Number of protein chains: 2
Amino acid sequence: MAIESFESHPSRYTHWKLSVDGDIATLVMDVQEGDGSERPYILKLNSYDLFVDIELADAVERLRWEHPEVRAVVVTSGKDRVFCAGANIPMLASSDHAFKVNFCRFTNETRLAIEDASATAGQGYVCAANGVASGGGYELALACDEILLVDDRSSAVSLPEVPLLGVLPGTGGLTRVVDKRKVRRDLADHFSSLAEGIRGSRAVKYKLIDATYKLSRFDAKVAEHARAMADRMVGRADAQPVPMTPVEVEVGEGGDRHYPGLTLALSPEARTAEITITLPDDAGPTDAAGAQAQGMAWWPLATFRALNDALMHLRFNHRPIGTVVLRVVGDPKVALAADALLAQDTWFTTEARHAIRRILKKVDVTAKTFIALVDQGSAFAGSFLELALAADRVFMLDDADGDGVHLAVSPLNGGAYPMGNGLTRLQTRFLDDAAAVEAVMARAGELLETQDADELGLVTFAPDDIDWDDEVRLAIEERASLSPDALTGMEANLRFAGPETLETKIFGRLSAWQNWIFQRPNAVGPAGALKSFGGPTQPVFGWERT
Amino acid sequence: MAIESFESHPSRYTHWKLSVDGDIATLVMDVQEGDGSERPYILKLNSYDLFVDIELADAVERLRWEHPEVRAVVVTSGKDRVFCAGANIPMLASSDHAFKVNFCRFTNETRLAIEDASATAGQGYVCAANGVASGGGYELALACDEILLVDDRSSAVSLPEVPLLGVLPGTGGLTRVVDKRKVRRDLADHFSSLAEGIRGSRAVKYKLIDATYKLSRFDAKVAEHARAMADRMVGRADAQPVPMTPVEVEVGEGGDRHYPGLTLALSPEARTAEITITLPDDAGPTDAAGAQAQGMAWWPLATFRALNDALMHLRFNHRPIGTVVLRVVGDPKVALAADALLAQDTWFTTEARHAIRRILKKVDVTAKTFIALVDQGSAFAGSFLELALAADRVFMLDDADGDGVHLAVSPLNGGAYPMGNGLTRLQTRFLDDAAAVEAVMARAGELLETQDADELGLVTFAPDDIDWDDEVRLAIEERASLSPDALTGMEANLRFAGPETLETKIFGRLSAWQNWIFQRPNAVGPAGALKSFGGPTQPVFGWERT
């Protein structure tokens, strides 16, 4: 099933209602069981599928751009006695492996976006669980800064995946319970194997929730907490709403996507794609106010938003494509000029930088090989250099004439775009070698020729004109011939050297175990737990422990 | 296939030769293609299986005990032009999933034991790769402190798993390349997908090896490096060899194992086992010299070595058993008295402490649920308390009379036994809550009654006499009814909160991805890469990237 769009707008939300009152926003989840589409499952009990999460992702992002005055976001349910039942099980049970994995990746990114809004946009999230929060429902709560649960003698938080479904709470649940909320491991173990979950004061004592209130007081208490959160969070005085307009795109033959400034060209037979970013001839606005006046149309932001959209289409709709060639075409000085604005400490440029940072992280966790090609007319500079640093390999033409082939570093490469591991891509590249990072950063602003870039360690291979075509072609062909699974595992391990964080643990450790379980007959076999859930028969397990 | 013994002795080595000359030892790998057993594969080119690795593990451990004067260990090959070809592929291809996973866990523990000998016993390892080091062969080299490769225009180091076998270099390879040797990620990517590997000065430049020498100079240079290593490493002046005698055991009906001080009782129908440690009535030696005189027979050491043996049998030979009940019976003061000796700074007690630390880590990465039961006559104290802290849950009887049920903390719980994540089990339990750790440590030496232990956070549940039997029985039965795969994934995530290290990355991230790949048709299906390797046909891949 092709996913046509990864965008939404509050006016089109089917499953959420977004309202804003002063500095407090409310996001009400009210999932419609059927939405008129022909999907073979019913979204009971505020359970979600990808389309529900696309709306949530839109709301979280949109609140930053269009409602920067908001300091607290209350996430609650429009249903009685249920907050959210998590990912829809019949949907999962009927999905193929690759979709399940990509679905989890998307929902994980949405939950991380919630935490990012709190950490970098001064928008705190209060989960008002006015009913049962189970599985992915509790995992959504875990992404919020505070969890309030109604005390009505039936509403509980739970992670029933292990006992009921034979899979993991894989949208960060296990990781956030012990690593974010610091629930003691033995209590977390008990909780995570308890289908009915835990409620009331015991849930508070376990640190699973922050507070629980009787139904009669719940709304008032939620309002109190939201008020306190809004008072606690700090926004920027210079923030002014910017409309989050849709990403512009024309879809060509065979699914190629043409955005202003970016083209995604597919070669399904070769199992490759090419993403070409074309910088404008002119850097555009010369001050932050001018950039903000353009809003989403400001070209650096528009280009990275196009990249985000292209990545989602590649992940969901072009799964056999395993290798993506990256090109940036134009004048590196235009990219550096944009970076000079992006580096400014205004609300708009800061938000743009954060948006670019989030999109670059999506490159890091996309299960495709990225190969950056730097040749004549290339402009991997500053923020766009991050794409080369995120790539698995960088080829840079060693031009005989010695001109026309350049990379460039900007101050933003020194800290604006940390990866999930908390380090910049340069720090990760030169792990424990601060001198190598400094040597690169000392050249910020220069156009670096191939030999310099190579010596600085920015380039994997630097073939000359004679070898370039063959070397590049062979590298891409060879890559596209290897086991896609082995490459996914290899990249997931090599891309994240250095420290681990909540985020890398979720994508590295938790997701890897979940993916393993998603392949196991005990979960997905004909008599597996995921398949038999809700049916008349109990799952049949093979008992070997591995 | 049941594995009869996980022990060996140099006099019985089939595949290795261990020699010691002053402070330098040499371990020569010379794998016999067939060793008389009926295994359906031939160990060509110094490739290894579990039995080869059992001998290596013996040698690494034995060097610490029997040759504490050794400061440098040279690992090399007895074959021409090949150092080690890695894990035997036909062995892997013909093994079932659970064996493959346990095999990798065992070999990972052996390689970590090499690094541990370097870090804590002053025994540095020099890999003298006198021929091709491919796959697991290079991973063995990576576990050493130094890698020297012969420069004969053919010998290379390589990780051909991805390009040739469609699996990962899962014995730490990917992790150690980027996280230990700090190979740049793009170079690591290139190297890890290059079947033929990299040799000579390029391998040095990539940081894959430390040096390469022409064949004519190789032996002399290896000797130089070994000499320098031995001079650099620091041992203890008070070290005196202690014979590493075999673990004593009587095997009973149905596979139960009776060691002095420890019994492993199996209940295959319930899919449970019980490990009962029985402390001696008398603490034994009252000084470190007395303990050293007893050597391996000193009861704390003998008990933990028995535990190690029991764990290996549980992992390999009793795979459907998923739940292990832990009991320690005796007088907690006897355990505390032993800890008073273990805490002393003598060579023997330090080595004993390190051995116990390594064995406790094996509990942490064993894919079985551990439930500690503390009731009348229990003696989870000090080093033995670590077993309760390593357990997924602790039940402690809330005795009506208020006496006879105790836990006890010793100073060793404060730092002697860090987990793979670098934190003690108490620190991991109370993540970011140093006050809770201090509160526990302040009670060192006391016999803690149930209420105290519960308040200190050491206990998951404290049922009274009336509920005890039912609660414990139900917990075990429920646990044994859940999906074994989901439990494995859950435990792997909940046990390791906090920071990640090379070690936790290997067991958490790398192994999880490898396990996933070991389930994928692209690797293990009839036309998968692992199955078709060495045969007449190319693997056939499904191309979806996940």
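Q: Which side chains meet Asp186(B) in a salt bridge?

A: In this predicted model, the side chain of Asp186(B) meets that of Arg429(A) in a salt bridge, with a distance of 2.9 Å from N to O. Across the interface of chain B and chain A, the rule finds 20 salt bridges. On the side of chain B that touches chain A, the residues divide into 24 charged, 24 polar and 40 nonpolar.

Q: How many residue pairs are in polar contact between chain B and chain A?

A: The count is 58 residue pairs, with both residues at pLDDT 80 or more.

Q: How is the size of an interface given, and what area do chain B and chain A bury between them?

A: The size of an interface is often given as the accessible area lost when the parts come together. Here chain B and chain A bury about 8,400 Å² between them, and 55% of that area lies on carbon and sulfur atoms. Three residues, Arg185(B), Arg509(B) and Arg545(B), supply 13% of the area that chain B buries against chain A, more than any other three residues. In terms of contacts, 88 residues of chain B touch 88 residues of chain A.

Q: What rotation superposes chain B on chain A?

A: Two copies of a chain are related by a rotation about an axis and a shift along it. For this pair, the rotation is 180° and the shift along the axis is 0.0 Å, with an RMSD of 0.0 Å. That is the relation of a two-fold axis. The same surface serves both copies, as 100% of the contact residues of chain B recur in chain A.

Q: Which residues touch the most other members of the largest nonpolar core?

A: They are Tyr138(A) and Tyr138(B), in a core of 340 residues. Leaving aside neighbours within four places in sequence, the contacts of Tyr138(B) include Ile147(B), Val157(B), Leu159(B), Phe191(B) and Leu208(B). Arg181(B) and Ser158(B) are also among them.

Technical notes: Residues numbered from 1 in each chain as written. Chains lettered and ligands numbered in written order. Predicted model: local features only at pLDDT ≥ 70, side-chain atom pairs only at ≥ 80, totals over all residues. Heavy atoms only, no water. Contact = heavy atoms within 4.5 Å. Buried area = accessible area lost by both parts, 1.4 Å probe. Salt bridge = Lys/Arg side-chain N within 4 Å of Asp/Glu carboxyl O. Polar contact = N/O pair within 3.5 Å; in protein donor to acceptor, adjacent residues only side chain to side chain. Nonpolar A, V, L, I, M, F, W, Y, C, P; charged D, E, K, R; others polar. Core = buried A, V, L, I, M, F, W, Y, C linked by side-chain atoms within 4.5 Å. Buried < 20%, exposed > 50% of the residue type's maximum accessible area, 1.4 Å probe, protein only. Least-squares fit on C-alpha atoms with pLDDT ≥ 70 in both.
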